[in-house]
Amino acid sequence: MDNTLRVTLVCNAGLLLEYHGTTLLLDGIYGKEGHPFSNLTPQVWKQMKAGEPPFEKIDYLLFTHAHPDHFSPEMTLEYLQHRPVKGVFAPDTRTVAESGLVEFLKEQGTPCALLSEQTDRTGFRVTKEITVRAFRARHLDKQFEKVKHFCYLITFGEKKLLFTADIDYISEDLSRLQGIHLDGVFVNPLFFSVLCHRRFFKGTLETGHLVVYHIPFAADDTMAMLPILDRNLARWSEDRGTVTALREPFQQVCF
């Protein structure tokens with residue numbers, strides 16, 4: 001059996017995770033306004049709902065938090081009306097409650113894990129080989145400190161990937177993961193810059209492969225993130241491990 005774990009960028013923080021015939025979509029269904037990041041194009045959204053490649057079979061939907069560049073409960077409901085899944089992981093928020101998403105999932109008999117403070121106490125085994133663990137971590141920026149924001153530690157066989165979304169790398173040190181070797185850690189460009197310059201983040205990440213994601217495509221880069229990212233990539237020393245930047249539609253990295 002092919003043991004390759006494939007991670008494909010949809011756009012922004014949206015990722016397809018494929019392992020042994022099971023596919024997870026993380027932060028891949030979200031709205032069109034209220035953020036400066038790249039959106040799903042109408043064509044890609046149409047492909048998703050029609051189950052066209054590479055979206056033929058999505059088994060689980062996972063969301064880190066309910067900001068409009070990561071998760072739209074209304075669009076997720078629309079997607080599920082076209083394409084059923086085996087389960088959904090989403091933050092337990094008012095916007096989720098008011099969207100009708102949870103009620104629809106109950107009617108369909110689809111398991112839904114509503115993430116809360118207590119979620120970190122256990123992992124969810126979604127297949128014999130894949131375990132999903134979500135844990136609350138503060139969102140970057142004081143104005144968002146009350147946002148229900150979750151990181152995911154996902155185990156695929158012997159491989160472990162950490163997805164940090166918009167974690168507050170100043171107040172969080174990820175000490176709960178001490179002693180766990182991570183095959184890959186996904187960080188946004190701000191977190192990568194902090195790691196690159198060795199400042200602010202007081203924790204350690206036991207990994208040999210950093211993946212930078214949550215990057216606007218070139219045509220949407222109104223904040224000039226890409227030039228800063230390029231400088232940081234040039235500064236990164238190979239002896240600190242491999243770094244990959246996911247910046248093009250459907251770019252892929254394998255573990």
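Predicted model: local features only at pLDDT ≥ 70, side-chain atom pairs only at ≥ 80, totals over all residues.
Residues are numbered from 1 along each chain as its sequence is written, and side-chain values use heavy atoms, without hydrogens and water.

Student: What radius of gyration does the protein chain have?
Tutor: The radius is taken over C-alpha atoms, and the globule rule is 2.2 Å times the number of residues to the power 0.38. For 255 residues a compact globule would be near 18 Å, and the chain agrees, with 17 Å.

Student: How much of the protein chain counts as buried?
Tutor: Buried means under 20% relative accessible area, with a 1.4 Å probe and protein chains only. Of the 255 residues, the buried share is 55%.

Student: How many residues of β10 are buried?
Tutor: Strands are DSSP runs of E, at least two residues, numbered from the N terminus. β10 spans residues 159-163 and is mostly covered. The buried count is four of five.

Student: In which sense do β9 and β10 pair?
Tutor: Two strands pair if DSSP finds at least two bridges between them. Here there are five bridges. Two residues separate the strands in a hairpin, and Thr 155 stands opposite Lys 160. The sense is antiparallel.

Student: Which residue in β11 is the bridge partner of Leu 162?
Tutor: β11 covers residues 184-187 and runs parallel to β10, joined by three bridges. The partner of Leu 162 there is Val 185.

Technical notes
Buried < 20%, exposed > 50% of the residue type's maximum accessible area, 1.4 Å probe, protein only.
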